[in-house]
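I opened the model to look up how its chains are built and how they meet. My entries follow in the order in which I made them.

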Protein chains: 4
Amino acid sequence: MLRVGVIGATGYTGEEIIKILARHKDVKITVLQAVVESEAPISKIFPQLAGKIDLVCKKPDVKKAKDSADLFFLALPHTVSMSVAPEFLKEGKKVIDLSADYRLDVNEYEKWYGVKHKDALNIKKAVYGLPELFRDKIKKAKLVANPGCYPTGASLGALPLVKAGLIDLSTIIVDAKSGATGAGRKAHISLSFSEVNENVKAYKINEHQHKPEIAMVIGGVAKEAVNIVFVPHLIPVNRGILSTVYMDLDRDVGALKINQIYEDFYRKEPFVRVMEEGELPALRDVQHTNFCNIGIKVTGKKVIAVSCIDNLLKGAAGQAVQNMNIMCGFTEGEGL
Amino acid sequence: MLRVGVIGATGYTGEEIIKILARHKDVKITVLQAVVESEAPISKIFPQLAGKIDLVCKKPDVKKAKDSADLFFLALPHTVSMSVAPEFLKEGKKVIDLSADYRLDVNEYEKWYGVKHKDALNIKKAVYGLPELFRDKIKKAKLVANPGCYPTGASLGALPLVKAGLIDLSTIIVDAKSGATGAGRKAHISLSFSEVNENVKAYKINEHQHKPEIAMVIGGVAKEAVNIVFVPHLIPVNRGILSTVYMDLDRDVGALKINQIYEDFYRKEPFVRVMEEGELPALRDVQHTNFCNIGIKVTGKKVIAVSCIDNLLKGAAGQAVQNMNIMCGFTEGEGL
Amino acid sequence: MLRVGVIGATGYTGEEIIKILARHKDVKITVLQAVVESEAPISKIFPQLAGKIDLVCKKPDVKKAKDSADLFFLALPHTVSMSVAPEFLKEGKKVIDLSADYRLDVNEYEKWYGVKHKDALNIKKAVYGLPELFRDKIKKAKLVANPGCYPTGASLGALPLVKAGLIDLSTIIVDAKSGATGAGRKAHISLSFSEVNENVKAYKINEHQHKPEIAMVIGGVAKEAVNIVFVPHLIPVNRGILSTVYMDLDRDVGALKINQIYEDFYRKEPFVRVMEEGELPALRDVQHTNFCNIGIKVTGKKVIAVSCIDNLLKGAAGQAVQNMNIMCGFTEGEGL
Amino acid sequence: MLRVGVIGATGYTGEEIIKILARHKDVKITVLQAVVESEAPISKIFPQLAGKIDLVCKKPDVKKAKDSADLFFLALPHTVSMSVAPEFLKEGKKVIDLSADYRLDVNEYEKWYGVKHKDALNIKKAVYGLPELFRDKIKKAKLVANPGCYPTGASLGALPLVKAGLIDLSTIIVDAKSGATGAGRKAHISLSFSEVNENVKAYKINEHQHKPEIAMVIGGVAKEAVNIVFVPHLIPVNRGILSTVYMDLDRDVGALKINQIYEDFYRKEPFVRVMEEGELPALRDVQHTNFCNIGIKVTGKKVIAVSCIDNLLKGAAGQAVQNMNIMCGFTEGEGL
């Protein structure tokens, strides 16, 4: 039984990690910590968990935490993780960080997040936790930077064709539609029900901090710097991201061939489902699962790949547990 | 042209008042004030209003306001209105207060709102702005206490039978379902989209501050103190309250007769629509209107009256303008 | 490995049964049947299931079905089950029927469902599948009549006080708020998104076919005929029922004592969670789970019990599997 | 007082036309017709209208209709209008057709709608009712083809730059997000609440019948054939379309200059609001209005124009009344 801690247990992502771990047969949650006014059983904060786990969620205390668990999920805000992760790493603990702190290189991070990075040492050792690209490195990783929700959906939608070298890399547009839990569990008028319901809006066009992360993943596979256009939208659903990815082919390829490329690329992947040619995914097909469903439409030289994920699962907690399973030699889908 | 001011212009209620007044042919909005970080055209705050009104929303300043308008809508939080209203009243201005500050008597107010009342003088002169009961008094009023949203829906559902003396007054239960704008425009995790969507909950059972107001209205008509059970629920819609009102008849009366009593009671009312016997209202039938729709079901001695209003209109801004129209001798439905 | 069949696999309830059984370690789904235009893998109908189960959903054929499985879930419409169930029962198969066909006695059934009952023999042998009341009988049952969604939520909210003999049985009101999946997976304008969204309505007041079922369960415990008032409402959520149950105490009992009665009644129940005194449940606390959460408020002689269930799980598929687990000696919560 | 008829009065579009006309000071509704099971007051079908209009909705009968009104709105399905319109036109009546029957040329129509066109005569005389392009022609028109909802939003978003000749016309992508009323008022499982809520999906990629209409409008201004990529999505809101329009500039132009082009293009338009540079529109800013709000973001050579309309108003009924106002010399915004 691996002893596992969740630091930052009171956000939506924390809740989902706990739900998954509570039914995971190879691990035991031994530590829950978060910035709370008073310490209380986690089931007081998330009544969903009552009867499943009754651990008390404690205030943050790295020292107490590190003796009690072997692997830690950091479900912390950006800029906080990089102060906490080194404390666990130097004790030989494994860390899966769900913030953005270890995803980019230092320059990009400082440019997009507007703060100085405090842990240049570990950022170089961190493995980007997209199993479909980096499973072998994740197996050996001590520190996994769990991908952002938008980058997971967008990258999985684009990668097969990028890898196949069939795309004019200057033409990639990601038009993403995200549910409200993507913004986290917080009080803000713009996130209130009365503002989000019966509404849709684009925001942070090409200025969203997930843009460089998508470009990094795609550029890594393309083996050259890639510029993308990224337009996120907030839609009135709780969970999920549908990404419509537009790409121009640089030569003539048929629709069936394109679909075959996706199927081949993901054939062995346990959590990516490629739709049959002519079919398109819907968000509800993946909600409450760790799957990414992808449908592809080819029209002339334009490829439109539509990918759907549950932002809290494949886009966060589910992928984090998938990474833990890979790091620890468990069945990759255990708990998921 | 009556010059009108809106104090507290940046809440949902303020927005609706402005929308109605902007199309009202007998008035001109001359003052908008609210607690804002910086003064800006109201259409910056509510883009819906762009092209319709371009007045600047100023910071609160009673002195400046009172020279510029003849009638004021106070869309202010409870406990704030009672400091502002007297300033306008002593200058001979008319005031329609949408807070709770002038609805109850001083004792009830202090008990339910937990603060000392500061304007005992005017509270006695205030007229409770339910036109269906108090139209004649409203005509002559200087200060109208605009009813709460729950009390409007619940009272209109119960009053005909209470007035007819057919009800066992100890049996009244109001089970109300309200949309999220009822809580106002504010940042709170419990009001965030991710918490309210795909959810429903009861709250403040029999402890909601609108309970004494409902009891006051019904008790006033019954001419005796009335105890009610009031259970509000938050449902995932933006606008509207559906109130299911349970009452026991104290004698045998047929369903058709009961329906007739409602029809007679509201025959001349421009904004109450009684459904035909056997029909029930739905929230969408009244959204974006100032109507209250009522359907009645009789089963044995139990009467179930279902009333629907748009909480921002008949439950707030619409009724406030209806009251202004009555106070000023305009057509009662002008602008509505 | 128990071989299990699902007859009527293409409704929302069928989908949920399949999802649960697919992760159940003691059973194997061997038969799926439904009225479909053409036979296809179930994952074509419910893309959620892709990669989890790839069984073909066949057209209805009792003969073929009965050789392939030992226990059958009938997720069929009312009036259809009673023609199908006897075929399986006479072969010694176990049947869990999710329709209403075996819940009431013949007279009540014919009165409320408007058709002649065709299987008077088995209706007498059927056990009503509410484990909290009838676990011992369910253990030995060949035919379980799985409770309706409204009756499950309403009964669990009322039973502890009814059993304790503290209630004036003439005062029970159930004001229930249900999500749209409760109406099943079908095409009807009144169920279309544009009609249900941003709306709420009461329907079939005291004329809903679940009323006699609630009265039967409560009356069975009270050991006398009970009349209730039942007012269902349709609210814009997908899953779940919140039932607000009003009951008058027939003597003075304190709130803490009342809460204690609920806690005692459900102490050993794996799927009922009684909230602490002063706390109320929300629908989201039970969605996607088999739990029923109950909170109780006492005010004077009035008790208001608020119960929440997921209508597709504790209100249908989850409870059906719970019943299977009890009938077959599996761990009661396996798969749930 | 112009006498007006609405043929096809029982869809969402019909309802909105009636609501607008009921408050329009220059017209009187004299005829309502639709395919109904039995003739009934329109307020029975749309309870919103009770107390505002009590006209009976009759079964379709062109002969009876044409004597009673001077102008007709045809809110009929595609392929039906072209049989009805000629009957009114030959009597000298004015017709505003909200179907697609008179929008395209015969070839395109037959290709995309899959039926033979029956009224080649009038299709040539019809004026496409986009006031921002064709106001002068609309003034003199006898038959106006009211634009589709997607084409209205998409075209208004793209036209200023197309007109300015700054766009590489081969790069236009329209990624549109529409509410469910866009599909009309009908019973279909894919439109049921349980399927649309908490969901989003792309559909008919580049195969939607509004694609050639968008291409026609843009191509008409560009004065050359234009190919576009059109990807519609269904999102869980009732009303509105947000269109994200991607276009490549063919030379270097600054963001401020681009915004200026939009402002100049729409300066005199009563129902188009261009946001300030750096601001983006939200659906809620235009719901229940006839406005189209447009925000523009320039990033490198890519322009992203985001336009929002209420699909039932600027996308259908509102624009139809705007066209009537232009045709009849009324104030263009009367009733709107």
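Domain bounds here come from an automatic or database domain assignment. I noted that this assignment divides chain A into domain 1 (2-146 + 316-328) and domain 2 (150-309). Taken over C-alpha atoms, the centres of domain 1 of chain A and domain 2 of chain A are 25 Å apart. I then looked up their contact, where two residues count as in contact if their C-beta atoms, placed from the backbone, lie within 7 Å. Domain 1 of chain A gives 13 residues to it and domain 2 of chain A gives 15. On the domain 1 side, helix H5 (106-113) and helix H12 (317-328) of chain A each supply at least two residues. That side of domain 1 of chain A has six nonpolar, four polar and three charged residues. For these classes, Ala, Val, Leu, Ile, Met, Phe, Trp, Tyr, Cys and Pro are nonpolar, Asp, Glu, Lys and Arg are charged, and the others, Gly among them, are polar.

Conventions, for the record: this is a predicted model, in which local features need pLDDT of at least 70 and side-chain atom pairs count only at pLDDT 80 or more, while totals for chains, interfaces and linings use all residues. Residues are numbered from 1 along each chain as its sequence is written, and chains are lettered from A and ligands numbered from 1 in the order in which they are written.

Next I took chain A as a whole. I found twelve helices and 15 strands in chain A, these being DSSP runs numbered from the N terminus (helices H or I, at least four residues; strands E, at least two). The C-alpha trace of chain A spans about 60 × 45 × 40 Å along its principal axes. In chain A, 67% of the contacts between residues at least 6 apart in sequence join residues at least 24 apart.

How many residues does chain A bring to its contact with chain D? Chain A brings 31 residues, and chain D also brings 31. Among the elements of chain A that each supply at least two residues to this side are strand E9 (167-178) and strand E12 (241-249). By class, the side of chain A has 17 nonpolar, seven polar and seven charged residues.
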